[in-house]
There are 2 protein chains.
Amino acid sequence: MPEYTIAVDAMGGDFAPAVPVEGAVIAAREGGAAVTLVGDEAAVEAELAKHGASGLPISVAPSEGVVSEAEPPALALRSKPRASIAVAVGLVRAGRAHAAVSMGSTGATMAASALALGLFPGLERPTLGGPFIGLAPETTIIDLGANVDCKPSQLLSFGALGASFERFYRGKESPRVGLLSVGSEDGKGSRQVKEAFSLFRSSGLNFVGNVEGHEIFEGKADVVVCDGFVGNVLLKYTEGLAAAAGRHLASRLGADNPAAQAIAGLAAAAEGGGGPLFGVNGVVIAGHGRSGAASIAASVALARFALDRNLVETMRGDLASALARAEAAG
Amino acid sequence: MPEYTIAVDAMGGDFAPAVPVEGAVIAAREGGAAVTLVGDEAAVEAELAKHGASGLPISVAPSEGVVSEAEPPALALRSKPRASIAVAVGLVRAGRAHAAVSMGSTGATMAASALALGLFPGLERPTLGGPFIGLAPETTIIDLGANVDCKPSQLLSFGALGASFERFYRGKESPRVGLLSVGSEDGKGSRQVKEAFSLFRSSGLNFVGNVEGHEIFEGKADVVVCDGFVGNVLLKYTEGLAAAAGRHLASRLGADNPAAQAIAGLAAAAEGGGGPLFGVNGVVIAGHGRSGAASIAASVALARFALDRNLVETMRGDLASALARAEAAG
């Protein structure tokens, strides 16, 4: 019997339930985790049957309905309390799964996780961050759209959680944290950034000051902190630019030109796997709705890695320490 | 005698005075405008001597000092009232030049222009916008960093001025105007964007709603409106990405590979020429500090074009009309 059981939202994502089920089968074959597929039982069983999965450690937990990208998450969860994402994180809360994975609505995953598992002290909402730029693959940008209109203290929490993740995930001893802004000098930026600046300075983080847009590519910081409005615009802008550049080069040089193929992956990181929600009291991996089966299996593996290393406890401690220092200084 | 006299800030930009002087010589040779070079007389004359410019319609107006990128513009202008940019726009105010061109500190150009020439009714500061994305060369992004922490009514003024410029400059009959946001549905976004949304709807502009980051590349709007914080991050991010992509492809494919060369120009538009300040009562063209002589000559030509077509009067009227409609509706 595998050490961990991971709940996979079988109804979340653009190609559900086929792709989540296929991803779960890959993960179960890899070993190390049992998978509980959460979704419409008949549909999930029908997909499972296509894969000859009968000998694998896969079970099915029934749910009713799904929260789509277009729905306001909190409202949708109230009207569909048995939606797949709610049941999946509910299994984690009940101790029947160790972690959850979903490629469904990120907003719904965050809302359901916060509700079921609770947040780290000092947070009002979970946050999402990670590297998404192929040309800066080791730079975490945080927040990517989970939080807009952030208070300066929220930005500080993004910095602390991002640094914690970089240390945890990539083993960087003292990740450099910067604030995305419109000038590199101290005191340049929006009111929000200017107010956050002094909090960062007294947080104990390895704060390198403001980071301008182009400095993301110059390796000035390991963690680049921004309001989720800016982060989400940058994330989608980069996806759009990569796609457009790939099309443009293909039309000029031919689709089989290696440069045309390289550039689409260059600007945007491959859409591989998901990332953990930062700030919830449990391991929840959220990914892109367009994710393929391999990405879902990679997300299950990431969940195991996070459980093995106590990601949640580490990040909670790091956040508490940064907030306490900033408060003591302020 | 040429119809127009254009004041060129000979001390502004990274390569002043050599490059502004060379640009002025090119412009004067092209005809259509006399150029007044504003700067340190001895230094400017020395540069002019290198170009055998004695027969050309070029004069020199003396100034004292220059405002650098690093200085706070308003403060610097108070302590250096005879700085080159102040003298250049002062010539416009005094009717001794028809327009001004500067590749110096954009902040200083805006502050000096607002001070000397005044702003359109309804504006608190000038704004800067334009296309900067090689893959979306006909999309104006506005504001690019002149204004941060914008009120919703400022965003509306950007939309009106951007649309006016697109109609004026590219002859688009009814340019589509969108608000950069984190979701395409109405009502998604930051507080700022949500409040601006209803103003746009009643402005009489051809408002197409929210534009997400990737939709910039899908031609959803001719004018994409954003706070200058976001616009400036995007502008610099794009410059950094283009440079990094060019380096990466060159290292993989060889520097002489056409794709490696193409991509640097693809992501960022060529740094050619400057753009007009929007919202000041006069034609002032501001450009990148790294601009070469050809860009400076192109900026002089743009100034002539703007004067020929009454850019300032057109834009002032379009702004007044959009603000009046939004106010009447609100």
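Author: In this predicted model, chain A holds an open sheet of 5 strands. Their order is β5-β6-β9-β7-β8, and the pairing is mixed. Start at the edges. These are β5 (129-130) and β8 (206-211) of chain A. Each of them pairs on one side only.

Strand β6 (residues 140-142) of chain A pairs with strand β9 (residues 223-225) of chain A. They run in the parallel sense, over 3 bridges. One residue pair to find here is A:Ile142 and its bridge partner in β9(A), A:Val225.

A helix packs on the sheet as well. This is α7 (residues 191-201) of chain A, which touches β7 (176-180) and β8 of chain A. The direction of α7(A) makes about 165° with that of β7(A).

Next, look past the sheet to the other chain. Here 39 residues of chain A are in contact with 39 residues of chain B. On the chain A side, α8 (228-253) and α9 (258-267) each supply at least two residues. Helix α8(A) gives the most, with 18 residues. By class, this side of chain A has 23 nonpolar, 8 polar and 8 charged residues.

Finish inside chain B. Helix α4 (residues 84-93) and helix α5 (residues 106-117) of chain B pack at an angle of about 35°. Their axes are 9 Å apart. The crossing of α4(B) and α5(B) is right-handed. Among the residues in contact are B:Ile85 and B:Val89 of α4(B), and B:Ala112 and B:Leu117 of α5(B). The contact has 8 nonpolar, 3 polar and 1 charged residues.

Technical notes
Residues numbered from 1 in each chain as written. Chains lettered and ligands numbered in written order. Predicted model: local features only at pLDDT ≥ 70, side-chain atom pairs only at ≥ 80, totals over all residues. Axes fitted to C-alpha atoms, helices over the stretch in contact; angles between N-to-C directions. Helix = DSSP H or I, 4+ residues; strand = E, 2+ residues; numbered from the N terminus. Left-handed = near helix turned anticlockwise from the far one by under 90°. Contact = placed C-beta atoms within 7 Å. Nonpolar A, V, L, I, M, F, W, Y, C, P; charged D, E, K, R; others polar. Pairing = 2+ DSSP bridges.
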